[in-house]
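Subject: Structure handover

Hello,

Here is the structure I promised to pass on. My notes on it follow below.

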Amino acid sequence: MTKKRSQLIAEGSDWTLEAIAKYDAEIGRIARNYGLDCYRHQLEIITAEQMMDAYAAIGMPVYYHHWSFGKHFLETENRYKRGQMGLAYEIVINSDPCIAYLMEENTLTMQALVIAHAAYGHNSFFKGNHMFKQWTSADAIVDYLVFARNYIAECEERHGVDAVESLIDACHALSNLGVDRYKRSPPLSLLKEKARQQEREAYLQAQVNDLWRTLPRRDLVVEEAEERRFPAEPEENLLYFVEKNAPLLEPWQREVIRIVRKIGQYFYPQRQTQVMNEGWATFWHYTLLNTLYDEGKVNDGFMLEFLQSHTNVIYQPPYNSNWYSGINPYALGFAMWQDIRRICERPDDEDREWFPDIAGSDWRETFDFAMRNFKDESFIAQYLSPRLMREFRLFAVLDDDSKPNLKVDAIHNTQGYRTLRQKLAEQYNLGSSDPNIQVWNVDLRGDRALTLRHFAHQRRPLADSSLVVLEHMASLWGFNVRLEHQALNGDWVLLAERKTERRRRA
Amino acid sequence: MTVRIVDRRQDSRNKSSINRGRFIRRFKGQIRQAVADAIAKRGIRDLESGEKIGIPGRDISEPQFHHGQGGVRERVHPGNDRFAQGDEMSRPPSGGQGQGSGKASPDGEGMDDFVFTLTRDEFLDIFFDELALPNLVKRQLARIDEFKRMRAGYTQNGVPTNINLVRTMRGAAGRRVAIGGPYAARLRRLQAELESALDQVPPDAEEVDRLQREIACLKAQREAIPFIDPFDLRYSNRIRVPQPSTQAVMFCLMDVSGSMDEGKKQMAKRFFMLLYLFLNRNYEHIEVVFIRHHTSAEEVDEDNFFHSRETGGTIVSSALKLMVQIISERYSSHAWNIYGAQASDGDNWNDDSPVCRKLLAESILPLVQYFAYIEITEGEPQNLWHEYQALAGSQGGLFAQQRIAGPADIYPVFRELFRKRLV
């Protein structure tokens, strides 16, 4: 023990900048030994208030101003002050360099945990996972946020806070239907944005005029034109459609819509890789800190404190517990990554049968492949093992509102494994949890009304709040907006309509 | 390779305050209502703290397209302890999507009141807003700075009018002694030598002559020390110190006869609060005396003052008499600054109003700093108003009255008062 003590990185629970730097160096060394590929990173020490602030602004270091962030801040502050919640220990930003926040209240152990979790765990995930590679540009996001904030502040000055606020309200309401799911958005860059913005304003306005060009030629148009829908193909990205096509919007309004849309797009991968990403980071802080302990760089006290908060994070309450609120992504993710390592290193017969490709393979290579090429849905479908289903004692419940009772579909037994795994994977499919609403048609020759169609999944209806959202849609579009859905007999019926009395301001 | 660590703790403090301000701006209506409710509950002296505000959850929700209840849903849950494949169970009554046994969701989502705390400044801001105070006054009230100039020793520079002669001369004398000291010592020695030279028989003329010349020379040098030097000048120093150090007593007089309903009392309460706030900025210690009256007056505590209801006629002079009596009993010394605030619906027994005027003019106004009267009525001014009208003319700066329909009308009553303090 006395010999080991000389190797300790630091002692005591109060952190100093030097101690943090030393921990970072050691953890970084071990991470490189494991072959983790990370962006450069930067650690920022912040206060609890700043942490709450970052919370409110969904973790972003710079963000435009909006009342809803004030609301989230107050909410967080209240709950924090009443002791109903602890603050997250960390927030990490997918940027290059990757920024990890350390809160000043944390003890030295917690800071080391955060460094391992965020600056190496999340960081390597951001850099490697295909979702992030495809949808985000880490080198440009901070610049873009700066651009966004300044642009919106400028708009507020020019057009008044109220006008900008109600526009952003509307955009936020539609933001989960403002992402492209299937094509890559072009990289964001401050310079390009600025250079092109003027050009875009002029161009967009010209484009919109196409909507009107048909008007004078009305008498020339023959019936077949009536059949033509606009857009020709349904558009699922409502904000995109509005930005490009709403006739009455001013150029600055289009730009603001674009900003909200772009930022929403940036977070899209995070929503789709929660289990994987958190599990990955948790696995690595666990592994890295344990390695530190094995090398004698940290003492038992450090490990006890670390394990205490680690076990809190990965606790999964059972379905009948008061604390139960769905499956804990940290718990499931951590367990899955641990399990994959186990399958690689110590496979049993069941594993060989279920995972012939990876049983007994090199765990680092398997990890790398899994981390890069999956998202939650496919990751679970691919790697959730029967053993884990038994450990979690998973069971699937079918709730069909046409039947009087709930039914247990599958449990953790031989007949149930595949069904269970497929159903759990489906649960993480954003495509089925967000309602599928698409722009179907614009009545070009009539009242320019916009028709949205809701393609129901599993007969699930829209919540009542949809009517309010429709209101926002109508304010953006500038004319009437209709929402249709498919009745049981297959006909499309009008669900709701919002009329707008909007006049172009002189 | 060392990592870059940035200490951001000093940056952007209150970064959230803009968003917070936006939030308050947006929900001003609801917050204003909440503040009004809070004022009804608060004591009039309780203006130093923030306020917890609740806003109905549905007003501040941020709607998005979501799925509602219904349709086919499939959820996977952990911790199976009793189910086998194919088991059926009835739906939990809460309509939740969950399981058979007792998991009820503790609260409906998002529909609870959104509760947060307004800071004192935000609270006052809204309070002032309602009262339509001019900005200058708002700043004056929200700020705590009443200064008094007081002596603070002496300085070496200043304006001629502030020269302190005694200090200057004392310093000059000291300097002369200090600088002249060595000369004096040598002079005494030479004087002694001269005397001994003169005592010699016969006197050593040459020696005497030398000593005398030397003495003359020394004396001339000593005389050359300036009597007063710019270096000696001392000026009295005065500095500004924050000074809320006097005491005041505030009389709240209110008619509690049957015609004063709850709304009128709330209006009166704001009137008293505003006066209190003003006094609070200017005096360190404030006592508040509550006098309510109908046909007879009595001194009560705050709670009774605002919340109990009496019926019957109205004799205003009874309250004024009681006020005079209390002043003479408890606040007669000159150490007390006396303020009076009277609220009524203007109803008074006809013969009584001239008495009131007389009492005010002769017994009360000479004693008080300010007396303000509000008549909370939407109808025609009542007889008390007409009587008081004469006072408002003759007693300018001391007496103010105003007829009030809404809270925004309160401020003009105090206009004179605030103007006085602002210059």
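Leaving aside residues up to four places away in sequence, Tyr339(B) touches Ala248(B), Met250(B), Phe251(B), Leu275(B), Leu279(B), Val368(B), Gln369(B) and Tyr370(B). Contact here means that the C-beta atoms of two residues, placed from the backbone, lie within 7 Å. This is a predicted model, in which local features need pLDDT of at least 70, side-chain atom pairs count only at pLDDT 80 or more, and totals for chains, interfaces and linings use all residues. Residues are numbered from 1 along each chain as its sequence is written, while chains are lettered from A and ligands numbered from 1 in the order in which they are written.

**Around Tyr339(B)**

Tyr339(B) sits in strand E11 (residues 336-344) of chain B. Helices (H or I, at least four residues) and strands (E, at least two) are DSSP runs, numbered from the N terminus. Tyr339(B) counts as buried because it has 23 C-beta neighbours inside 10 Å. The cut-offs: buried needs 20 or more other C-beta atoms within 10 Å of the residue's own, exposed means 12 or fewer, and partly exposed is in between, with C-beta atoms placed from the backbone.

Strand E8 (residues 247-255) of chain B is mostly covered, with eight of its nine residues buried. E8(B) runs parallel to E11(B), joined by eight bridges. Two strands count as paired if DSSP finds at least two bridges between them. Met250(B) has Tyr339(B) as its bridge partner in E11(B). E8(B) also runs parallel to strand E9 (residues 285-293) of chain B, through nine bridges. There, Ala248(B) stands opposite Ile286(B).

Chain B as a whole has twelve helices and 13 strands. Of its 423 residues, 30% are buried.

**Where the chains meet**

Strand E4 (residues 395-400) of chain A and strand E3 (residues 72-77) of chain B run antiparallel, joined by six bridges. Leu398(A) stands opposite Glu74(B) in that pair.

Now helix H20 (residues 417-427) of chain A. Its buried residues are Tyr417(A), Leu420(A), Arg421(A), Lys423(A) and Leu424(A). Seen down the axis of H20(A), they fall within an arc of 165°, so they line one face of the helix. The arc is taken from the directions from the helix axis to the C-beta atoms. These residues pack against helix H18 (376-383), helix H19 (386-392), E4 and strand E5 (405-411) of chain A together with E3 of chain B.

**A sheet with strands from both chains**

Four strands form an open sheet with mixed pairing, in the order E2(A)-E3(A)-E1(A)-E1(B). Its edge strands are E2 (90-93) of chain A and E1 (4-7) of chain B, each pairing on one side only. Strand E1 (residues 41-46) and strand E3 (residues 98-103) of chain A pair in the parallel sense over six bridges. Glu44(A) stands opposite Tyr101(A) in E3(A).

**Worth checking by eye**

Two cis peptide bonds are on my list. One joins Asp96(A) and Pro97(A), with omega about 0°. Pro97(A) is in the loop between E2 and E3 of chain A. Another runs from Phe230(A) to Pro231(A), with omega near -5°.

Gln458(A) is not a glycine, yet its phi is positive, near 55°. Gln458(A) counts as exposed because it has 12 C-beta neighbours inside 10 Å.

Confidence next. pLDDT is the predictor's confidence in each residue, from 0 to 100. Chain A has a mean pLDDT of 85, and 90% of its residues reach 70 or more. Over residues 216-225 of chain A, pLDDT stays under 50, and the model has zero contacts there beyond four places in sequence.

Best wishes
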